[in-house]
Each structure stands twice: as structure tokens, then as C-alpha cells.
Amino acid sequence: EKVLELDEALRLCGKTHVFIEGKYKNWAKPLATALAKRPSTNGVTVISFHHKELMRFRAMLPEIPCIS
């Protein structure tokens, strides 16, 4: 079975609010890069227990809500 890429999964979610959890290390930049390519990030919230990575992500895309 095919695993969806992030962009495809978000597209299929439509207007449903999506929570993306950042895990492990070094996820902030790839996620910010992927989300920055989208026409809209409305309805996306990023969560993580990795506070340093979350702060890095927030610095790159401050318009996306973040929860730790």
C-alpha cells in the first residue's frame, strides 16, 4: 500500500484541521520547506515535545500555530 507524501495527504484532508507532530531531531527545516511550498497553511498546527526544533520551525514559519 502506498504511503502518501505530506503534500498529498494535506490536499486530501481538504478543510479538516491537521496536527503535524515533529519527532526526533532535525525535522523543522524539511517540514518548513514543505509547508512553505503550499498555497495555504490554514488549518495546520505543528506540535512537538522537542522544544528546540519547535522554536526553529516557529522562526521559519511564524504564521503556523505551534504547540509544545
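Visitor: Is D7 buried, exposed or partly exposed?

Guide: D7 is partly exposed, with a relative accessible area of 45%; here buried means under 20% relative accessible area, exposed over 50%, and partly exposed in between, using a 1.4 Å probe and protein chains only. Before going on, a word on the ground rules: this is a predicted model, where local features need pLDDT of at least 70, side-chain atom pairs count only at pLDDT 80 or more, and totals for chains, interfaces and linings use all residues. Residues are numbered from 1 along each chain as its sequence is written, and side-chain values use heavy atoms, with hydrogens and water left out.

Now for the partner. D7 makes a salt bridge (a side-chain nitrogen of Lys or Arg within 4 Å of a carboxyl oxygen of Asp or Glu) with R38, and the closest N and O atoms are 2.6 Å apart. That pair ties together distant parts of the chain: D7 sits in helix α1 (residues 6-13), while R38 is in the loop between α2 (28-36) and β2, 31 residues away. Helices and strands here are DSSP runs, numbered from the N terminus: H or I of at least four residues for helices, E of at least two for strands.

The structure holds three salt bridges. Another one pairs E8 with K2, with 3.3 Å between the closest N and O atoms. Of these two, E8 is partly exposed at 23% relative accessibility, whereas K2 is exposed at 61%. Then there's E53 with R56, whose closest N and O atoms are 2.4 Å apart. Both lie in helix α3, three residues apart, or about one turn of the helix. E53 counts as buried at 6% relative accessibility, but R56 is partly exposed at 45%. As a general point, side chains of opposite charge can pair when their charged atoms come close.

Leaving aside neighbours within four places in sequence, F57 is in contact (heavy atoms within 4.5 Å) with residues including W27, L31, L35 and V46.
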